[in-house]
Amino acid sequence: MDILQLLNVKELSPITIIAGENGTNHPVKSVTMMDAPDIMHYLLPNQLIITTAYHLKNNEEHFHSLLESMHQAGCAGIAIKKNRFLHIIPQDILDLADQLNLPFIQLPEHLSLGEINFLITEKILQNEASLLNKAMIIHHQFTDLILSGHGIQQLLQKLSTTIDQKVNLINYFFHPMHMSQRNLHIPPSLHETIKKGGRYPTLPEQPWSISLLEDHCTYTLYPVHTNLTKNCFLMIEGCINEEQFQKHLFIKQAINVLSFAIMQEQTLEQQTRTIRNQTFQEFIDSNIQTPSFAKICSEELSLRSDKPYFCIVGLSKHTTTPFNSLTLSKLTQQFCEESIKKVQLPIYPFMINNHLVLLFEIQDQSHNSTLFLTKFLEELELYIAYFLDFHMNFGVSYPARSFMDVQRAYKEALSAVSSNHQSKTCVHFYRKKGINELLQSISQNDLIDYYQTLLEPLLNLESDEQKLLIETLYEYLECHCQISETSQKTIRSSKHSHLSIRQMQSITTKRFKRS
């Protein structure tokens, strides 16, 4: 009940407001009689003070202090029986009440303070009981909508009609999940505005509001708790003040029902993800690589077996196993799915072997996808770091000719990201290793053993011939073990340049046989 409703109670007539008219929307949750001058120490929010003004008579300074203390405590207002002791209320007191928007009420003379206290308390309890009854009815209606299979969409429409405001359910990533009306959108500047105010993990657990210049509108967001560590949000177009207690109550009833409905929906979605992940992992780990097996797996995943694909593997920059938390794994895959859906790309996310895997279907093989993939993955990494608070590296394979070739592509992408996980850049394309890179991957002790066993006979040759054979071997490795290329390079740098390529190849081959 608020002050305006109190003024309309017939049993309290004639009751009038003589100052502070702008505060008639203040809620009244309790009432107390002022029977001592030290009441300022016991003031409560939304409390109405009724008094005969005995302690305020001829004490204007104390009167000022009382009104200021009531304003600071958030009291509903003050009601006085004027003609009992305080026949004339000083004008500066009334002016202060107007300034503080603190309702100043004149009580009827024919009722005692006890009777007035009883009547107001009775009306407050009746009003609270009525609100609780409405809340129970609304809760049953919301619950019936979910149990009857109408779903979250119908619940939001019912809530929107009840509070007469547009309602939108968004997830932790601020992507829309359900809307009370079609074409209801989330302003793009909402992300940036919240980002300037702080990181998403620090968003308040209580309802909060934000106003945007983009559409000159205020949005009130209520956290909706689920079994995940990240909340969804009920976003309501417009501001909901603390005085709108009835709306708060209806919204909370909706949130209670929504929490269970969302958890049920998320559980079903996660079951679908788990099945897809297991199917894809079985294909990657299987030793059976036949066209028929690949076609069966691709059909189960709703993928085309005859299309070429890029395989992309994502790992954390700080560790090779970033998804040690099941919740983080779910959120990462969910975020990628929603981000890809938003840009409408033929990219399919999976979570296998503790890695994020993205399959990108190549629709135009004549188009160079390197630049596009680099830009897309860099942007995806920025948003993952922003929403989930960790950084990622991505490895990109050579194009797989068909789905059957994806197993090879997965190994390439994993190799590319694993060998560059400490790099400053976040996107790495696979390239085949040359002989020098392969040698560098061998331990130093094994290289020394190999060198001493295989190349030690060269020490028994004369110095000129030893030097010539070592130079030839070096050129051979530089040319990736191609004898013809080694011969051509040797011709350009050798005193035998007058010989033919075939003769040079013969000489080079003999040198390798000797070494």
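**A walk through the model**

Modeller: There's an open sheet of five strands, ordered 12-13-11-14-15, with mixed pairing. Strands here are DSSP E runs of at least two residues and helices are H or I runs of at least four, both numbered from the N terminus; two strands pair if DSSP finds at least two bridges between them. This is a predicted model, where local features need pLDDT of at least 70 and side-chain atom pairs count only at pLDDT 80 or more, while totals for chains, interfaces and linings use all residues. Residues are numbered from 1 along each chain as its sequence is written, and side-chain values use heavy atoms, with hydrogens and water left out.

Biologist: Which are the edge strands?
Modeller: Strand 12 and strand 15 (427–429), each pairing on one side only.

Biologist: How many bridges join strand 12 to strand 13?
Modeller: Six, and the two strands run antiparallel. Ile352, for one, has His355 in strand 13 as its bridge partner.

Biologist: And which strands does helix 11 lie across?
Modeller: Helix 11 (residues 406–418) lies across strand 11, strand 12, strand 13, strand 14 and strand 15.

Biologist: New topic: which residues touch the most other members in the largest nonpolar core?
Modeller: Leu358, Leu377, Leu380, Ile384 and Leu388, out of 29 residues. Helix 10 gives the most to this core, with eight residues. A nonpolar core is a set of buried Ala, Val, Leu, Ile, Met, Phe, Trp, Tyr and Cys residues joined through side-chain atoms within 4.5 Å. Buried means under 20% relative accessible area, exposed over 50%, and partly exposed in between (1.4 Å probe, protein chains only).

Biologist: What is Leu377 in contact with?
Modeller: Leaving aside neighbours within four places in sequence, Leu377 is in contact (heavy atoms within 4.5 Å) with Ile312, Leu358, Phe394, Val396 and Val427.

Biologist: What about strand 3, how many of its residues are buried?
Modeller: Five of the five residues of strand 3 (residues 47–51) are buried, so strand 3 is largely enclosed by the rest of the structure. Gln47, Ile49 and Thr51 are on one side, with Leu48 and Ile50 on the other.

Biologist: Does strand 4 run parallel or antiparallel to strand 3?
Modeller: Parallel, with four bridges joining strand 3 to strand 4 (residues 77–80). Strand 2 (residues 30–33) also pairs with strand 3 in the parallel sense, over four bridges.

Terms used
Axes fitted to C-alpha atoms, helices over the stretch in contact; angles between N-to-C directions.
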